[in-house]
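Welcome! Take a moment to look over the sequence and the 3D structure, and then we can go through some questions together.

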Amino acid sequence: MQVVADTSALVSLGAVADHEWNPLDYLLDQHTVLVPKLVVDELTETATYDDTSGQGALRVLDRQQALDVRDITLDESFPLDDGENAAVTLANDCGAAQLLCDEFNQLALVHASLVDTRLVTTPTLLLALTRNDAVTPKTARSLLALMREARSWTNNRYVERAEIVLTDANESS
């Protein structure tokens, strides 16, 4: 399955890539992950930061050989930043099954801009991985907690909802 990834989601996955089981390795090993060149440029810039986002970006860049990097012509009128603009364009151009994006403040716009591609956030990805028995709900909840701290998702309703579902799944297993 082809998955296009945006910088925000890759940094989220990279933030927990030092965990014993990590969703970045799983994603890269199980799917064809396409990224616009602009996303690699954003990851390179983010990797210069001396914080968890920088560390996450660096871990993704360490696996760059597993990414299918594409040049994209931006739609200059599209009201998202260049990386998201390029990711949406790439997803639509290649008919990707999913766009992995954590731009929570712009999800409605990103969703409305996709033609046949499903928008997936990192919390939603973790839920799907538990449903597919790739990871236990307990481990997914632990990873989400680490991402929450690393990505400053303190009052994020998407994250809170995913935590509730993972807690319920853990208690019923």
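This is a predicted model: local features need pLDDT of at least 70, side-chain atom pairs count only at pLDDT 80 or more; totals for chains, interfaces and linings use all residues.

## A first tour

Q: Is Thr-130 buried or exposed?
A: A residue counts as buried when its relative accessible area is under 20%. The relative accessible area of Thr-130 is 12%, so Thr-130 is buried.

Q: Which residues is Thr-130 in contact with, leaving aside its neighbours within four places in sequence?
A: Contact here means heavy atoms within 4.5 Å. With those sequence neighbours set aside, the partners of Thr-130 are Val-135, Thr-136, Pro-137, Ala-140 and Leu-166.

Q: Is Asp-133 buried or exposed?
A: Asp-133 sits in the loop between H7 and helix H8 (137-151). Its phi is near 60 degrees, a positive value in a residue other than glycine. Exposed means over 50% relative accessible area. Asp-133 reaches 69%, so it counts as exposed.

Q: What is the relative accessible area of Ser-152?
A: Ser-152 belongs to the loop between H8 and helix H9 (157-172). Although Ser-152 is not a glycine, it has a positive phi of about 55 degrees. Ser-152 is exposed, and its relative accessible area is 61%.

Q: Which element gives the largest share of the lining of the largest pocket?
A: The largest pocket holds about 250 Å³ of space. It is lined by 16 residues, and the closest to its centre are Met-1, His-31, Gln-98, Leu-125 and Ala-128. Two or more lining residues come from each of helix H2 (23-30), strand E4 (98-100), strand E5 (118-120) and helix H7 (122-131). The largest share, five residues, is given by H7.

Q: How many nonpolar residues are in the lining of the largest pocket?
A: Sorting the lining by class gives four polar and two charged residues. The nonpolar class has ten.

Q: What is the radius of gyration of the protein chain?
A: Stepping back, the chain has nine helices and five strands. For 173 residues the globule rule gives 16 Å, and the chain's value is close to that, so it is as compact as a globular protein of that length. The radius of gyration is 15 Å.

Q: What percentage of the contacts with a separation of 6 or more is between residues 24 or more positions apart?
A: Buried residues make up 49% of the 173 residues in the chain. Turning to contacts with a separation of 6 or more, the part from residues 24 or more positions apart is 63%.

Methods:
Residues are numbered from 1 along each chain as its sequence is written. Side-chain values use heavy atoms; hydrogens and water are left out. On a 1 Å grid over the protein atoms alone, a cavity is a set of points where a 1.4 Å probe fits but cannot get out, and a pocket is an open set with protein on both sides within 12 Å along at least five of seven lines; lining residues have an atom within 4 Å of a point. Grid points are joined across faces, edges and corners, and a volume is the space filled by probe spheres set on the points. Helices (H or I, at least four residues) and strands (E, at least two) are DSSP runs, numbered from the N terminus. Ala, Val, Leu, Ile, Met, Phe, Trp, Tyr, Cys and Pro count as nonpolar, Asp, Glu, Lys and Arg as charged, and the others, Gly among them, as polar. The radius of gyration is taken over C-alpha atoms; the globule rule is 2.2 Å times the number of residues to the power 0.38. Buried means under 20% relative accessible area, exposed over 50%, partly exposed in between (1.4 Å probe, protein chains only).
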